Amino acid sequence: MKPPIALLTPMANPTVEREMRQLLPATVDYVVGRLTGPTGDSLARLRSYAECLPDQLAQFGGMELGALAFACTASSYLIGAVGEARIGAALGVPVIWAAAAIRSELARRGARRIAVLSPYPEAIHRAALAYWQAAGLAVVGEERVEIGSADTRAIYALTAGDASAACARLAASGADAVLLSGTGMPSLALLSPDGQPAVLSSNLCLARRMCEFAEKAE
């Protein structure tokens, strides 16, 4: 049997596991681990999830892993694609970054114009827009789902209905794809991967990359 993929989710995030149970087929073998970090400051916590990734692997007790699926887009927005590459290169196991999975999905579709909807506080939302612009994409629409807090853990109280009106507005922005960013924001009910424009999410794109990795490992 091939080693499983370790699906790493932020420590207080219940959404990733709920959605992955529906997005991933039974043929994808994975185990779930928790990304842990300081609780007081969201920016420091999100950075630590990525920067301390080697330390996060201790929870698996030496289990052989086929890959790491890093289910936190906000961390990538803060460290950038260069940071993703640097951290990934230092590990002895492939890393499937959620943000990189989105880049891959957009490239596969030939989507160059995107609209971004996120539940992040302003600083992280702006970092997200900068990340996508640095990837060569045109951001033709953007909105935030208000969570009423600077602490990103408030995201986990959202429902898909909280994002539905903004998603509909962005679908009329002329984008090739609407990105519902943030693995903690419930979004399955809003997805339309075959629509015009496609409505994609962080979890959907990560699940698809995990499927591709699992198929190649067979």
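Helix H8 (residues 202-217) gives the most to the lining of the largest pocket, with three residues; helices here are DSSP runs (H or I, at least four residues) and strands likewise (E, at least two), numbered from the N terminus. This is a predicted model, in which local features need pLDDT of at least 70 and side-chain atom pairs count only at pLDDT 80 or more, while totals for chains, interfaces and linings use all residues. Residues are numbered from 1 along each chain as its sequence is written, and side-chain values use heavy atoms, with hydrogens and water left out.

**Pocket and cavities**

- The largest pocket holds about 190 Å³ of space, and of the 13 residues that line this pocket the closest to its centre are Lys-2, Pro-3, Asp-29, Ala-214 and Ala-217.
- On a 1 Å grid over the protein atoms alone, a pocket is an open set of points with protein on both sides within 12 Å along at least five of seven lines, a cavity is a set where a 1.4 Å probe fits but cannot get out, and lining residues have an atom within 4 Å of a point.
- Grid points are joined across faces, edges and corners, and a volume is the space filled by probe spheres set on the points.
- By class, the pocket lining has eight nonpolar, two polar and three charged residues, where Ala, Val, Leu, Ile, Met, Phe, Trp, Tyr, Cys and Pro count as nonpolar, Asp, Glu, Lys and Arg as charged, and the others, Gly among them, as polar.
- The structure holds two cavities of 30 Å³ or more; the largest has a volume of about 110 Å³, and of its 13 lining residues the closest to the centre are Cys-72, Ala-74, Tyr-120, Ile-155 and Tyr-156.
- The lining of the largest cavity has seven nonpolar, six polar and no charged residues.
- The second largest cavity, with a volume of about 40 Å³, has Tyr-156 and Arg-45 among its lining residues, and helix H2 (residues 42-51) gives the most to this lining, with three residues.

**Sheet E2-E1-E3-E4**

- Four strands form an open sheet in the order E2-E1-E3-E4 with parallel pairing, two strands being paired if DSSP finds at least two bridges between them.
- Strand E2 (30-35) and strand E4 (95-97) stand at the edges with a single partner strand each, so one side of each is left without a neighbour in the sheet.
- Strand E1 (residues 5-10) pairs with E2 in the parallel sense over six bridges, and Leu-7 stands opposite Val-32 in E2.

**Helices H4 and H5**

- Helix H4 (residues 73-89) and H5 pack at an angle of about 75°, with their axes 8 Å apart; axes are lines fitted to C-alpha atoms, for helices over the stretch in contact, and angles run from 0 to 180 degrees between N-to-C directions.
- H4 and H5 are therefore roughly perpendicular to each other, a term that covers angles of 65 to 115 degrees, whereas those under 35 count as roughly parallel, over 145 as roughly antiparallel and the rest as oblique.
- Their contact (heavy atoms within 4.5 Å) involves residues including Tyr-77 and Glu-84 of H4 and Ile-102 and Arg-103 of H5.

**Sheet E6-E5-E7-E8**

- A further open sheet has four strands in the order E6-E5-E7-E8, with parallel pairing, and its edge strands, E6 (138-144) and E8 (198-201), each pair on one side only.
- Six bridges join strand E5 (residues 113-118) to E6, and the bridge partner of Ser-118 in E6 is Arg-144.
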